[in-house]
Amino acid sequence: METQQRYALGKRDDEGFYPVTVDQIPAGTVHRRHGSWYATMPGHPVQRAADRHQAAAHLVTLIDQGKRPTIPAQAPVHSPADRLRSIVGLRATRTYAYLLPDLRFTLPNLVRSAEAMARLAQLGWIPLAGYPGADQPWLMHCRLCGWKGTRFWSHLRGRNGNGIPRPANRHPGCIPVKEHPLALINLASDRKYECECEFQHPTTVEQAQAILTAIEDALNAGAAMGAALHTRGILEPCPASSRRALVLRAALDRRNNRRKNGM
C-alpha cells in the first residue's frame, strides 16, 4: 500500500505542528520550519524532509520498523536562541526573554526582530513570543479587541513588503474593519519619538552601534548570557520602538559597509 494512503494529517495546531496517524496509529507530527519540513516521532531523532508528504512518509517507515512514540511530543530545539533562553533564565530577563527571536542568534536577526516589533506596534499588535521569521506562525495579542492567536509576519508586512497588512479584517471576531483607522489612531498616542523608559533604549545610531558591538563581543567570547542580556535594549517594549528600529538598521548597515570596504 502506498505510504500516501496510509497516513493522515490532522489539523495544524497553534505551534504549527500537524499530528500524523499511520494506519490510524498516532505516529508523531510534521511541521515546516524556515523552508524545510521535519518529521518528529517522540523519543526518536527528528528527520528533515523536502515537503510534508516526505516527512509523513518517514513516520510510516518508522512504524513499519516497529517503532512507536515513547515520550510526550515536544517541539524540537531549532536555534541558539532556544538554548539562550534556558541559559539565561527568566529571573534575569523576565521582561523580554520571551521575545528572543526563534532564529539563529545573529545581529541581522535581532535587527529584523526589532523592525518587525516596531511595525506591529503601529498596527496594534503585541508579540507574545520572539520573532520566528516571516513565514512561521507568531503568537500575538490584538490591541483592538483582546484576541490572542497566531499571525504570520509575511502577511502583516504586506506582499513584497508593501506595508499593506492582510487580511483586512485582521482575524475572525475583531472589531469591524471600518473602525480600524480610528482605533489605530487612538493607539498611536502611546508611541513616542524619544525613549522615556527607565532603561534607556537606543534612539541614536551611536547608541545602536554600541549595543550591537557589545552583543557581538559577548558572542565571540562565548558569553551567551551576556549577549542575551544586552538584547534588552533591542527587544524590550519601548514607546520609541519605531525610531529604535530605524537606528538599529542604520547601525547594522554601517557595520556591514565598513567590513565590506575592509575598514
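Author: Start with a hairpin: E4 and E5 form one, with six residues between them. Gly-43 in the turn has a positive phi of about 95°. This is a predicted model: local features need pLDDT of at least 70, side-chain atom pairs count only at pLDDT 80 or more, and totals for chains, interfaces and linings use all residues. Residues are numbered from 1 along each chain as its sequence is written, and side-chain values use heavy atoms, with hydrogens and water left out.

Reader: What counts as a strand or a helix, and how many of each does the chain have?

Author: Both are DSSP runs, numbered from the N terminus: helices are H or I with at least four residues, strands are E with at least two. The chain has ten helices and eight strands.

Reader: Which strands pair with E4, and in what sense?

Author: Two strands pair if DSSP finds at least two bridges between them. Strand E3 (residues 25-33) pairs with E4 in the antiparallel sense, over five bridges. Here His-31 has Tyr-38 as its bridge partner in E4. E4 also runs antiparallel to strand E5 (residues 47-49), joined by three bridges. Across that pair, Tyr-38 stands opposite Arg-48, and Ala-39 stands opposite Gln-47.

Reader: Is E4 buried or exposed?

Author: Buried means under 20% relative accessible area, exposed over 50%, and partly exposed in between (1.4 Å probe, protein chains only). Five of the five residues of E4 (residues 36-40) are buried, so the strand is largely enclosed by the rest of the structure. Ser-36, Tyr-38 and Thr-40 point one way; Trp-37 and Ala-39 point the other way. For the chain, buried residues make up 43% of the 263 residues.

Reader: What is the order of strands in the open sheet?

Author: The order is E1-E2-E3-E4-E5, five strands with antiparallel pairing. Strand E1 (7-9) and E5 are the edge strands, each pairing on one side only. From one strand to the next, the twist averages 30°.

Reader: Which helix lies across this sheet's strands?

Author: Helix H2 (residues 52-64) lies across E1, strand E2 (17-22), E3, E4 and E5. H2 runs at about 150° to E3. Axes are lines fitted to C-alpha atoms, for helices over the stretch in contact (heavy atoms within 4.5 Å). Angles run from 0 to 180 degrees between N-to-C directions.

Reader: Where is the hairpin of E7 and E8?

Author: Strand E7 (residues 137-142) and strand E8 (residues 148-152) run antiparallel, joined by five bridges. Leu-139 has Thr-150 as its bridge partner in E8. Five residues lie between the two strands, and Gly-146 in the turn has a positive phi of about 95°.

Reader: How do I read two packed helices?

Author: Two packed helices are described by the angle between their axes and the distance between the axes. Helix H4 (residues 107-123) and helix H7 (residues 205-220) pack at about 140°, with axes 11 Å apart. That makes H4 oblique to H7. Angles under 35 degrees count as roughly parallel, over 145 as roughly antiparallel, 65 to 115 as roughly perpendicular, and the rest as oblique.

Reader: Which residues make the contact?

Author: H4 gives Leu-107, Leu-110 and Val-111; H7 gives Leu-212, Ile-215 and Glu-216.
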